[in-house]
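Let's take a walk through the salt bridges of this model.

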Amino acid sequence: MKNSVNNIDCIIPAAGLSSRMGCWKLMLPYKSSTILEQSIRNALSFCSRVILVVGHREEELIHQYSHWDNVSVVRNENYRSGMFSSIQMGIHEVNTEYFFICHGDMPCVSGLIYQSLYHHRVNGTIFPGNKLRTGHPVLIHKATFDHLYRMNEAKSMKSILQQGQVDYLHLTDPCIYLDIDTPEAYEALVNTESALNSLSS
């Protein structure tokens, strides 16, 4: 894998049980690989490193990604307590001034979306969407987050971030909301890909 010139980490939580899908969604086929791998590759098209937090079926993901030079795999033994615990684990590994968070089941988030957020970075948090639908990825200033984390009771990621400066880009790209949580969402994703392939052939 080739590193990007942008020195910024991206946390991708990939520890969940995929309970709404009914099967392990991260390894479902998409394009030439899987939903998770496409999400990782998209992040690495702009970011220098992905911090992949694993829990459920962790050994499979460790085997798959531990040899990637620009992917750091982090175990979350408490993954059943929710995604916030995985994000907390990932933040401990961040060593860049800013960092992204993007879900592992969002394989359509392009490098251009990461670029748009980074171009408008502030000493706080930037969401790609709006206040009602924030979307992903989210870009966070590490020093500001660390200060807010120390000053606030850590109940949820959003509750911490809302204590500081929060900006919204109001992007219209539907991909910032497209997470593959259900069989219907996966079917729509595959059908869209097939339609695009037909148009390009």
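Start with a pair that sits out of the solvent: K25 is buried, and D105 is buried too (buried being under 20% relative accessible area, exposed over 50%, and partly exposed in between, with a 1.4 Å probe and protein chains only). Keep in mind that this is a predicted model, where local features need pLDDT of at least 70, side-chain atom pairs count only at pLDDT 80 or more, and totals for chains, interfaces and linings use all residues. Residues are numbered from 1 along each chain as its sequence is written, and side-chain values use heavy atoms, with hydrogens and water left out.

K25 and D105 form a salt bridge, their closest N and O atoms being 2.7 Å apart; the term means a side-chain nitrogen of Lys or Arg within 4 Å of a carboxyl oxygen of Asp or Glu. K25 lies in the loop between β1 (6-14) and β2 (29-30), and D105 in the loop between β6 (98-101) and α4 (111-119), so the contact ties together parts 80 residues apart in sequence. Helices here are DSSP runs of H or I with at least four residues, strands are runs of E with at least two, and both are numbered from the N terminus.

At 49% relative accessibility, E59 counts as partly exposed, and R75 is partly exposed at 44%.
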